[in-house]
Amino acid sequence: MRKSSIFIISAALIISSVMLMSCGDNSGTTVSADAPTIGVTIYRYDDNFMSFVRRNIESFTSGKANLIMNDSQNNQAQQNDQVDVMLNKEVKALAINLVDPQAAQTIIDKAKAKDMPVIFFNKEASPQAMSSYDKTWYVGTKSEESGDMQGQVVVNTWRANPSWDKNGDGVIQYVLIKGEPGHPDAEARTSHVTKYITENGIQVQRLEEQNANWDTARAKDIIDAWMQKHGDRIEFIFSNNDAMALGALQSIQALGYNQGDNNKFIPIVGVDAIPDMLNEIKKGSVVGTVLNDALNQAKAVVDLSLNVSAGKEPLEGTEWTLDEVKAVRVPYVPITIDNIEVAENTYK
């Protein structure tokens with residue numbers, strides 16, 4: 001066999017081996033042998049917001065820790081198995097974005113048996129579960145705050161644009177796209193947005209409400225049906241997150257709404273302030289959103305994880321504080337075109 005052929009075959013075998021080593025549910029970043037290993041699960045990688053949290057976790061741990069990163073694919077049984085694997089690999093801490101908040105106690109019991117610290121993030125465990133183990137903490141937000149701030153965006157923009165009241169009755173006829181059934185963020189955002197609006201002197205009338213499970217395509221299909229049913233009676237679209245808000249935008253733009261200077265406009269407001277949503281706010285096709293700070297949530301998760309991995313107090317050397325349920329709360333910020341740079345700065 002010619003030398004060139006041997007070289008080509010050898011190179012192909014090496015590439016194949018590398019590709020095989022790269023496959024699997026777990027992805028990781030390798031540092032030194034002395035660095036701690038932190039086990040992380042994300043409830044699903046294809047969630048728009050969580051993709052930014054995940055990337056920031058990877059960035060903040062770079063050079064400081066080895067990561068075992070898992071996509072739980074929205075399957076709690078799969079996440080439980082991933083936790084078992086990580087515990088057997090003797091990680092120094094777990095950082096868990098729960099699939100189902102009701103499963104927190106199961107995770108805690110597994111970790112407690114190994115004396116393993118656990119930092120939950122984004123989906124909050126119950127106070128009872130949190131109090132059952134002294135090495136459990138949470139990083140996230142106050143869910144109701146996002147609903148209040150979304151309501152603030154609605155109130156301010158509605159009052160500034162009297163033409164949005166198409167039938168002139170002084171009442172906001174709205175539809176609401178809800179996230180995941182039973183998810184604490186979805187429930188709080190749904191109740192608090194209208195609570196804030198009515199407490200600030202504006203009446204509302206709900207035309208429709210339906211779960212779209214945080215999904216863009218599902219939200220588009222829902223709005224397609226609602227537009228056929230209600231058409232121009234819809235005066236505002238409230239969405240529990242930006243991904244669904246963008247699906248709503250796709251739906252109404254296909255009917256000629258929210259494009260350029262035409263008079264066909266239905267205001268939309270979301271939550272998360274992901275880059276695609278910020279771009280639409282700058283175009284004027286979407287009214288506003290609420291910054292769910294992926295950068296600082298990831299930073300807090302990493303700060304606490306590194307500390308507890310080293311046997312330190314969780315807040316040592318950080319700017320974070322814990323509330324009465326051992327939670328670090330990263331504040332929300334209402335975002336419109338007037339302060340859009342606040343959200344843009346979190347992605348720099």
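Trainee: What should I know about the model before we start?
Mentor: It is a predicted model in which local features need pLDDT of at least 70 and side-chain atom pairs count only at pLDDT 80 or more, whereas totals for chains, interfaces and linings use all residues. Residues are numbered from 1 along each chain as its sequence is written, and side-chain values use heavy atoms, with hydrogens and water left out.

Trainee: How many helices and strands does the chain have?
Mentor: The chain has 12 helices and 13 strands, taken as DSSP runs numbered from the N terminus (helices: H or I, at least four residues; strands: E, at least two). Its C-alpha trace spans about 75 × 65 × 35 Å along the principal axes.

Trainee: What share of the residues counts as buried?
Mentor: Of the 348 residues, 52% are buried, meaning under 20% relative accessible area with a 1.4 Å probe and protein chains only.

Trainee: Now the voids. How many cavities of 30 Å³ or more are there?
Mentor: There are 3. On a 1 Å grid over the protein atoms alone, a cavity is a set of points where a 1.4 Å probe fits but cannot get out, while a pocket is an open set with protein on both sides within 12 Å along at least five of seven lines; lining residues have an atom within 4 Å of a point. The largest cavity holds about 140 Å³, a volume being the space filled by probe spheres set on the points, which are joined across faces, edges and corners.

Trainee: Which residues lie nearest the centre of the largest cavity?
Mentor: They are D47, F49, N122, D185 and W214, out of 13 lining residues. Helices α2 (48-61) and α7 (184-199) are the elements that give two or more residues to this lining.

Trainee: And the largest pocket, what is its volume?
Mentor: About 200 Å³. The pocket is lined by 13 residues, with P101, Q102, E124, A125 and S126 nearest its centre, and α4 (104-113) and α5 (127-131) each supply at least two of the lining residues.

Trainee: How do the linings divide by class?
Mentor: The largest cavity has 4 nonpolar, 4 polar and 5 charged lining residues; the largest pocket has 8 nonpolar, 4 polar and 1 charged. Here Ala, Val, Leu, Ile, Met, Phe, Trp, Tyr, Cys and Pro count as nonpolar, Asp, Glu, Lys and Arg as charged, and the others, Gly among them, as polar.

Trainee: Changing topic, is S143 buried or exposed?
Mentor: S143 counts as buried because its relative accessibility is 11%. This residue is found in helix α6 (residues 143-160).

Trainee: Which residues does S143 touch?
Mentor: Leaving aside residues up to four places away in sequence, S143 touches P184, D185, A188 and R189, where contact means heavy atoms within 4.5 Å.

Terms used. Buried < 20%, exposed > 50% of the residue type's maximum accessible area, 1.4 Å probe, protein only.
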